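The following paragraphs go through a protein model from its overall make-up to a few local details. Please keep the sequence and the structure in view while reading.

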Amino acid sequence: MSGPLPEISEEQRKTLEQFRQLMSAELNETHDDYYLLRWLRARKWNLDAAEKMLRACLKTRAMWNVDNIEKWEAPQALREYLPYGLMGYDNEGSPVIVCPFANFDIWGMMHCVTRFEFQKYLVLLLERFMKNAYEQSLKHGWKARQLVVFFDCEGLNLKQYAWRPAAEVVISSVKQYEANFPELLKMCYIINAPKLFSVAFNIVKKFLDENTTSKIHIYKSGADKWKQQLFSHVDPKIIPKSWGGELVDKLGDPQCKSLMIWGGKLPEELYIDQSNQQSDKDFTEAQVAKGDKLKLHFKVKSQPENEQLPQQQMLSWNFRTFDYDIKFGIYSVDEKTGEKRSEVPLGTVYSNEMDEVGVISTRPNTTYTVVFDNSASYLRSKKLRYWVDLISEEEEGISELTAQMDSTQLVGKQ
């Protein structure tokens, strides 16, 4: 199968064919040549690097349960308050998405949903946009399979992103995008950027590929040079009048609020008290003494030979600390080889501000050790409320969790 494809050299076509052969066992009918080309381009035609990147993405998609993501009922806060709108298409058929970004109440959102629900919803939207772009490409050619994105940051208060949960969700979402949606962006316009925006963007830029950053154009507040560039390939008729276009909605609103999710401050009745919410999980409370660690061990056994359909086990966690942060990490030891791996690198988590929730896949004949580390604290103990357990893929609720997507790193033998 192959949809519209850009011109490539004979040598590149051979590499593309090799790539398809290497990945043949994991591919399905939706993975056409253009899909494979995205990964090769993202890794500058390095076949080994592209294979590694795509395999990691397919694993991520399986853990997100992307094939069934439309069946997921996203929280109301995300459906009604995450600002965006698909307004139409540029001159080459590419979807044009606008976002009144200053209307995004990230403080409220992070009190209504978990970081993982937030990221899962972004994946849902991106999957919808990609499907739309593919359908456009059948009429307009391969260039329609990329997205044009327009952010308005007028009135944006950057101070809210100094709140660590907000900063973490932004960085984590950017990393997720780069790892799983390469070569998707055609052009990004960020207008009315506040004075400190360049400082924040320089931090985010560290996690973006050079090719991605080259497509992002930032304009300070009051500048209108972006209009010439945007309207050179986007018809002003699909851009709201408030942004220099010609579009008004049926109510005559130049902001076209009825045609998009406009965002706004989230009502407190949607807030979730994460420190006291009901759960069917059997939580344990513990005190991690100053200068000490709490370690939990989970042994994953080998698959029974008579079991025809292996049940993938996942290591899942949900915990919160009271008053203070704590260091958290997971490592594993292969019982046959003695090889030790860092599954979740040990690092500080601010679980005193909101629940830390996650899941990773496991391997058979391996022992996993979950570490709550308070060894750097010489003054205070940390009160911890946690649930950690091995669960099966089919267990209720697993599709609501995301995985730790960082690559597993070898750290030597025990």
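A residue is called buried here when its relative accessible area is under 20%, with a 1.4 Å probe and protein chains only. The model is a predicted one, and by this cut-off 48% of the 414 residues of the protein count as buried. The protein exposes about 21,700 Å², of which carbon and sulfur atoms supply 48%.

The secondary structure comes to 10 helices and 14 strands.

Helix H2 covers residues 33-42 and helix H3 covers residues 47-64; their axes come within 8 Å and cross at roughly 120°. Angles from 65 to 115 degrees would count as roughly perpendicular and those over 145 as roughly antiparallel, and H2 and H3 are therefore oblique to each other. The crossing in which H2 passes H3 is right-handed. On the H2 side, Tyr35, Leu36, Trp39, Leu40 and Ala42 take part in the meeting of the two helices. Their counterparts in H3 are Leu47, Ala50, Met53, Leu54, Cys57 and Leu58.

Trp226 belongs to another helix, H10, which spans residues 226-230. Is Trp226 buried or exposed? Its relative accessible area is 4%, so Trp226 is buried. Leaving aside neighbours within four places in sequence, Trp226 is in contact with Phe150, Ile191, Tyr219 and Trp243. Tyr189 lies 37 residues from Trp226 in sequence, yet the C-alpha atoms of Trp226 and Tyr189 are 7.4 Å apart in space.

The cysteines are the last topic. A disulfide requires a pair of cysteine sulfur atoms within 2.5 Å, and by this rule the count comes to zero disulfides. Cys99 is in no disulfide, and the nearest cysteine sulfur to it, that of Cys153, is 7.9 Å away. Cys99 counts as buried because its relative accessibility is 7%. Cys153 is buried as well, since its relative accessible area is 2%.

Definitions and conventions: Residues are numbered from 1 along each chain as its sequence is written. This is a predicted model: local features need pLDDT of at least 70, side-chain atom pairs count only at pLDDT 80 or more; totals for chains, interfaces and linings use all residues. Side-chain values use heavy atoms; hydrogens and water are left out. Buried means under 20% relative accessible area, exposed over 50%, partly exposed in between (1.4 Å probe, protein chains only). Helices (H or I, at least four residues) and strands (E, at least two) are DSSP runs, numbered from the N terminus. Accessible areas come from the Shrake-Rupley method with a 1.4 Å probe; for residues, only the protein chains shown count as cover. Contact means heavy atoms within 4.5 Å. Axes are lines fitted to C-alpha atoms, for helices over the stretch in contact, and angles run from 0 to 180 degrees between N-to-C directions. Angles under 35 degrees count as roughly parallel, over 145 as roughly antiparallel, 65 to 115 as roughly perpendicular and the rest as oblique. A crossing is left-handed if the near helix is turned anticlockwise from the far one by less than a right angle, and right-handed if clockwise.
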